[in-house]
2 protein chains.
Amino acid sequence: MTTAEFVFDRWAASHQQRIEHVLSRVLPEDTALPPRLHAAMRYAVLGGGKRVRALLSYAAAELAGTPVLTADPSAAAVELIHAFSLVHDDMPCMDDDDLRRGKPSCHKQYDDATALLVGDALQSLAFECLAESQAPQALKQIQVLARATGSRGMCGGQSLDLQSTGQQLSLTALEQMHQHKTGALIEAATLLGAYAANQTPLPLINTLTTYSRHMGLAFQVVDDILDATADSQTLGKTAGKDARQAKSTYVSLLGLEAARTLVNQLHEHTRALLAPYGQAADPLRGIAHFICERSF
Amino acid sequence: MTTAEFVFDRWAASHQQRIEHVLSRVLPEDTALPPRLHAAMRYAVLGGGKRVRALLSYAAAELAGTPVLTADPSAAAVELIHAFSLVHDDMPCMDDDDLRRGKPSCHKQYDDATALLVGDALQSLAFECLAESQAPQALKQIQVLARATGSRGMCGGQSLDLQSTGQQLSLTALEQMHQHKTGALIEAATLLGAYAANQTPLPLINTLTTYSRHMGLAFQVVDDILDATADSQTLGKTAGKDARQAKSTYVSLLGLEAARTLVNQLHEHTRALLAPYGQAADPLRGIAHFICERSF
């Protein structure tokens, strides 16, 4: 392990701890009315996941030179949106997945109706969180996050994904689907962190947009590789589903080796992109390393 | 029909037409990617309903003295949230209702997964719409709408409703459930219209809060009365469900006559509340009349 990686691990651990506290504070207590819904919301959000999207917000805020405190609402909002999408994706009418982050998924632990409401309420809470922050660029943040969440972002990607099951997709169609499904929120997570600053120079936004698009793509390619090669226990979710559901993936379209090469190229491009930014970009470099080198 | 009612009918018709145009413009075209999701979103939102929530926004904006144009984003946002809630409520894991506004409900016309995504994406679109308006009080509007939509508002009310099915509720518990389930959004619709102005005096906010709470309650009592007395064709949705599902309603707790009396009292209080405001409050008076005197 290099010195830079060691520093990143500490940075990541401290920010993962931080976002856990922030989320716990932002989520209503499970004693608040209605207790069952609030307990289910906390179950779905807290104590799980690598918090990659929150880390992206914090890392981008650091590059934008704004104190970590100002990025708390961004980090919380993107994690709430991500958690909402997982809860709804796992439902029987979608991916029908019983396992999430090593625990029963929300609808298994509670029930389908509660899971539906949990997702709905987590989405509202994300926007409430940003609106209450009173940050100078809060409206811009809400605009970016709403667009990334809705039909021209994540929800649109889910719809494209549903329609593509059992079909052989072109590489372009696959990229389009993933750019909507996961890329849009990864991009929003990064930009929200940058917009946590009082003002954000356009060149920085452009760099972060390219960075986050590379990361969104790399994230998905790695996900496809892991689904094809890892076991459920390692993943904390059901493995090998893509092949069983005959979904087009980067692995099925490119093959395992070419998929790995693509990830390495994206990582290399990202390093070059961040080179001019010195140490302030170390967290973004660390996240790129984490995304591209996840155990495979 | 009195002169005032005639004027209100024209006002309502013109604003119903207006919101239909606004919603049609705000919703992505069904040719935009992904077309199936966008078609389903348009199906779920356009061409139906009395648009009571949009009318409340427009009427409150009129009392606040701000041009109708400035209330378009508020009116659209509250109708998008309302439409999202109907789509999710009708799903098999919730109320399992096949009929909505006289047409097959969204999951019957499309499929469950699409209906889930339609609701999710309509919620995002509501906040996108408010954030893009760049109105002076847009953040306040988003805060109010997010709070009214989430676990301490509408979604929380759905959860309370689910837990109460088959149980005999106290009148207090019933009111709490409906204040969350329908009252919160009716209040938000009204306040969002008032916040469309450059600034909104606190006494006006207080009046509108009381007005909208009365209307939220009246709306629900009338809904219960209609469910018990009207047929499905008149309602445009399945009638008599409350009794079949053994739900507590104002009719089951108070009886039909006392429920009617309650509505009349709320209407009377509302008239007194608006008395100081002169003609600028005519639309709000008209809506109160409409809500309280719906065919029963």
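Predicted model: local features only at pLDDT ≥ 70, side-chain atom pairs only at ≥ 80, totals over all residues.
**Stop 1: chain A as a whole**

Select chain A. Chain A contains 15 helices and two strands. Its C-alpha atoms fill a box of roughly 50 × 45 × 35 Å along the principal axes. How does the radius of gyration of chain A agree with that of a compact globule? For 296 residues, a compact globule would have a radius near 19 Å, and chain A, with 18 Å, agrees with this. Of the 296 residues in chain A, 54% are buried. Now consider how the chain contacts itself. Among contacts between residues at least 6 apart in the sequence of chain A, 72% join residues at least 24 apart.

**Stop 2: where chain B touches chain A**

Show both chains and select the residues of chain B that touch chain A. On this side, 42 residues of chain B are in contact with 42 residues of chain A. Which elements of chain B give two or more residues to this side? They are α2 (35-45), α6 (112-133), α7 (138-149) and α8 (154-164) of chain B. The largest share, 14 residues, comes from α6(B).

**Stop 3: a helix pair across the two chains**

Select residues 112-133 of chain A, which form helix α6(A), together with α7(B). The two helices pack with their axes 8 Å apart, at an angle of about 150°. Are they roughly parallel or roughly antiparallel? An angle over 145 degrees counts as roughly antiparallel, and α6(A) and α7(B) are therefore roughly antiparallel to each other. The crossing of α6(A) past α7(B) is left-handed.

Next, show the side chains where these helices meet. From α6(A), select S124(A), F127(A), E128(A), A131(A) and E132(A). In α7(B), their partners are L139(B), I142(B), Q143(B), A146(B), R147(B) and T149(B). By class, this contact of α6(A) with α7(B) has five nonpolar, three polar and three charged residues.

**Stop 4: a mostly covered helix**

Go to residues 154-164 of chain A, which form helix α8(A). How many of the 11 residues of this helix are buried? Nine are, and α8(A) is mostly covered. Select them in turn: M154(A), C155(A), G156(A), G157(A), Q158(A), S159(A), L160(A), D161(A) and L162(A).

What do the buried residues of α8(A) pack against? Within chain A, they pack against α4, α7 (138-149) and α9 (171-194). From chain B, α2 and α6 also pack against them. Then look past the end of the helix: α8(A) is followed by G166(A), which has a positive phi, near 85°.

**Stop 5: a helix pair inside chain B**

Select residues 52-63 and 72-89 of chain B, which are helices α3(B) and α4(B). Their axes come within 8 Å and cross at roughly 155°. That angle makes α3(B) roughly antiparallel to α4(B). In this pair, α3(B) passes α4(B) in a right-handed crossing.

At the contact, R53(B), A54(B), S57(B) and Y58(B) come from α3(B). They meet S74(B), A75(B), V78(B), E79(B) and H82(B) of α4(B). The contact of α3(B) with α4(B) has four nonpolar, three polar and two charged residues.

**Stop 6**

Most residues other than glycine have a negative phi, and most peptide bonds are trans. The last selections depart from this pattern.

Select L33(A) and P34(A). The peptide bond from L33(A) to P34(A) is cis, with omega near -5°. P34(A) sits in the loop between α1 (3-26) and α2 (35-45) of chain A. Move to chain B, where the bond from L33(B) to P34(B) is cis, with omega near -5°. P34(B) is in the loop between α1 (3-26) and α2 of chain B.

Now select D96(A), in the loop between α4 (72-89) and β1 (99-100) of chain A. D96(A) is not a glycine, yet its phi is positive, about 50°. Is D96(A) buried or partly exposed? It is partly exposed, because 13 other C-beta atoms lie within 10 Å.

Finish at R101(B), in the loop between β1 (99-100) and β2 (103-104) of chain B. Phi of R101(B) is positive, near 50°, and this residue is also other than glycine. R101(B) counts as partly exposed, with 16 C-beta neighbours inside 10 Å.

Technical notes:
Residues numbered from 1 in each chain as written. Chains lettered and ligands numbered in written order. Contact = placed C-beta atoms within 7 Å. Helix = DSSP H or I, 4+ residues; strand = E, 2+ residues; numbered from the N terminus. Buried ≥ 20, exposed ≤ 12 C-beta atoms within 10 Å, placed from the backbone. Rg over C-alpha atoms; globule rule 2.2 N^0.38 Å. Axes fitted to C-alpha atoms, helices over the stretch in contact; angles between N-to-C directions. Parallel < 35°, antiparallel > 145°, perpendicular 65-115°, else oblique. Left-handed = near helix turned anticlockwise from the far one by under 90°. Nonpolar A, V, L, I, M, F, W, Y, C, P; charged D, E, K, R; others polar.
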